[in-house]
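Subject: Handover of a structure and notes on it

Dear colleague,

Please find the structure below, together with its sequence. My notes on it follow, and I would ask you to read them with the model open.

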Amino acid sequence: MSSRKNKLTLVDKTKKYKSLIPFVIPAVLFALVFSYLPMVGILIAFKDHPNFLRYEVFEAFSKSKWTLANFEKLFSDPDILKYIGNTLIISVMKIVILFPLPVILAVMITELRSKKFSKLVQGLVFLPHFFSWVVIVGIFNNIFGMYGPINNIGSALGMDPVHFMGEPGWVRWLVVILSGWKEIGYSSIAYIAAIMSIDPALYEAAKIDGAGKFKQIWKITIPSIMPTIIVMLIIRIGYLMDAGFEQVYAMLNPNTLETGEIIGTYVYRLGFLAGSTDYGLSTAVGLFNGVISLLLILGANYISKKKTGNGVW
Amino acid sequence: MKKILSVLLLIAMLLTGTVALTACGNKNSGGDEINMDIDLSQKIDLKVLIPYSGKSIEEVNSNTNAKLIEELTGYKVTYTQLPASDASGTLNTEFMSETPYNLIKLTKDQFSDLVKDDLLVDITDALEKFAPDILANISEESWEVVTVDGRIYGIPERASSDNIENPIVLNYDLMMQLNLDVPETLEEFEAVLKAMTEELGAPALTFDKYTPLIHTVSAAFGIHSFWQEYEIDGKKEVRFYMNAPRYEEYIAYMNSLYNKGYIDVEVSTNDASNAVNRFVNGFKGGSGAKAGAYACSLWTVSSIVTSLQSNDVISKEEAAGELDDYLCYLRALKENADAPEKVYRSSGYSYVTAIPFYMAENAGYALDWMNSKIKDTEGEDNFRQIVLGEEGTHWQKTSEGGYMPINPAFAEKDDAHIFLNGTNENKYTDYWLARVRKQPELFRAWSELMEDADEVGVYNLADFTPPLGDYNVYRSSVEEYAQTQFYIMLKEGTGNLSTILNQLNNAKGCAKATEDINNWYKDSYKK
């Protein structure tokens, strides 16, 4: 599109790479059908209760009035800012505390000498990913309960028992701890794969030069998987506004709403508990979330490109 | 090669377009009128959508009760059920795709939503022609619940029995050891909790996370049900319980019990099984989670008995009888010994069966089928057969004329309720009691709680409302908010009550809902 000679125009590019085009068709179609076409639905956020059950989609749409009521409701709620805050705090805590752990785990697993043991460890740490949150929260409710092992150890050391699951000060930490317990193993897959594909010649050369294990990890493994780490981080930042609905919903109780309620659970409470057909409000929140996430992802990618030269695009 | 590719691409694009368009179109425009001239001797196959039954749909369709109904009515029926979670979401999709269900069994909330959106068939005129027995055996009061602007949109299914069913169950064994009398007033209750707490070494009172109103306690403050009439400055009006004149006192009392260490710290995270375990552990020695009093539902008694037996507190023989040495039931506390006793009595409509608008044409068959199920006369006792089964096989008469189940054959009838669409209100309560008689301790509890029920019982007015605009929109958010705030104030006291009430009445819509329910109460409620 640029007119400079060293840059190709869109037409030139199309001509040059035409043999590659058929390969992207399925992906483009997929995105069109499942991602772009449904975007028309965003209009529901600006409509006053269209009756989709009674009328055809277009008829229901044209019958209902345009409105900004959903956005007014969303932004006039004094609590919403607090819940956006909770969402961001929990998300940032998850990224800062949990993001490095799968990388470390992946390095540790790949450094294991016994292949059998390495496979066993991988299997065990993947396992929690496949449990549902309701089950996991049930287990941890007991572990952190008034009569559970944590409090038993605590009272043996002379501390007063704490109802961890019902303490506003604890809930965010528990969200991070449980999330880590469940997902670290599974998140490490991408890094393990990246480490496996590093050229072994690099390590041999390093050994000959007298580099120890830690030096090898620091100077070869980490730099080699850095692009993977960056991509994962940027993708992760895109989900900043989603602090894990399913997990938080299962963990929350009245006493921890103050510090634990996130946007996802709040909107669920607002709209869906009524079992009504009011999709407008949740669509409005979805749109708001989407816009913020897009900005975050663009920002993260920009910074990463500036600083490290790696980016998603 | 290039050509083939572009042709393929074009086809793919066209397909996408068609799929997108057909997904939007296809709403049925005809068939919205009931055909009154159908020939009922030429029966058609019916499709019925029911709420989640707890069983697989194959089990539902092959259930003995389903077979029995097919024999009795002559209609072949296929049942489909909604999923356990997000039932309303699935229900919406079924409507959007116009899945051909002749009948849909709905909760009252779902019914209200669907009526509001004009999705159900007006069956007022068809009832007389196709369902005379339904008309005769469902009360005027019940029809009110499904009537909007004078027209009827569904068949109401009244709760089996108006029970007093929210007691605090006490560990009577422990009370006898400590020489405690059954408490009647708030003060005596606190003394009992204090003594129990000291003996157990753990907070004496437990309940689960879904119990925002401890009916036994709130009764002493004049609060009995979620929505009831209060006299305020000489004026009578209906209010939600959080707006009751003495709600603050109720919270302050509960908060003081909590602060003194008599209430389980984990109530906000307890599920029912935790609470049962704690209560049963109170009968055993040792350390750990224990409680001596449990604010529960009458229906928990069965699991308490089972759990007492499996923990070897009672023997199998004892579990098969009455347990008056172990359990006692407290239905309402009083402010002082002379105050009259009043307590919440449940009622209402578990389900409403309705016909989706696009299936109006064959509504006659569906009504005829339901009508046939509800018939219960000397010659044709279909309803009794469905609910109770055969005399001598499933049940026998007791000396007082009640129905006594015969085990194990009666177990077949445990699932009969899944297949009901409206009940024969003249008979159902008597039949239903057979279920309570199945366990002697449950029957004892029920009988004790139900003593003078007509004098002491206070109903929840919301149990009798027809679909009411704002009330239906806000009810669940109001109740959800009230529940949340109870567990917060239980710990923190009433300091923020005015802010909380302000939030409840404005942001959560309680003021609007209250206005709606008051208008209805003044204009149409006739009880």
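What distance separates the centres of domain 2 of chain A and domain 3 of chain A, taken over C-alpha atoms? The answer is 36 Å. Please bear in mind that this is a predicted model.

**Domains of chain A**

The domain assignment divides chain A into domain 1 (1-36), domain 2 (47-76) and domain 3 (78-308). Between domain 2 and domain 3 of chain A there is contact, with eight residues of domain 2 meeting eight residues of domain 3. On the domain 2 side, the residues that touch domain 3 of chain A comprise four nonpolar, two polar and two charged ones.

**A helix in chain A**

Helix H8 of chain A covers residues 133-143, and A:Val137, A:Phe140 and A:Asn141 are buried in it. When one looks down the axis of H8(A), these buried residues fall within an arc of 110°, and they therefore line one face of the helix. Their packing partners are helix H10 (171-196) and helix H13 (245-251) of chain A.

**Where the two chains meet**

How many residues of chain A are in contact with chain B? There are 32, and they are in contact with 33 residues of chain B. On the chain A side, helix H2 (21-36) and helix H3 (57-63) each supply at least two residues. Of the elements on this side, H2(A) gives the most, with five residues. By class, the chain A residues that touch chain B are 18 nonpolar, 10 polar and four charged.

In soluble globular proteins, nonpolar side chains tend to be buried together. The largest nonpolar core of this model has 155 residues, and B:Tyr294, B:Ile355 and B:Ala363 have the most contacts inside it. Helix H21 of chain B (residues 469-492) provides the largest share of this core, namely 10 residues. Both domain 1 (46-160 + 350-417) and domain 2 (168-344 + 468-523) of chain B give residues to this core, so the core lies between them.

With kind regards

Note on methods:
Residues are numbered from 1 along each chain as its sequence is written. Chains are lettered from A and ligands numbered from 1 in the order in which they are written. This is a predicted model: local features need pLDDT of at least 70, side-chain atom pairs count only at pLDDT 80 or more; totals for chains, interfaces and linings use all residues. A nonpolar core is a set of buried Ala, Val, Leu, Ile, Met, Phe, Trp, Tyr and Cys residues joined through C-beta atoms within 7 Å. A residue is buried if 20 or more other C-beta atoms lie within 10 Å of its own, exposed if 12 or fewer, and partly exposed in between; C-beta atoms are placed from the backbone. Helices (H or I, at least four residues) and strands (E, at least two) are DSSP runs, numbered from the N terminus. Domain bounds come from an automatic or database domain assignment. Two residues are in contact if their C-beta atoms, placed from the backbone, lie within 7 Å. Ala, Val, Leu, Ile, Met, Phe, Trp, Tyr, Cys and Pro count as nonpolar, Asp, Glu, Lys and Arg as charged, and the others, Gly among them, as polar. The arc is that of the directions from the helix axis to the C-beta atoms.
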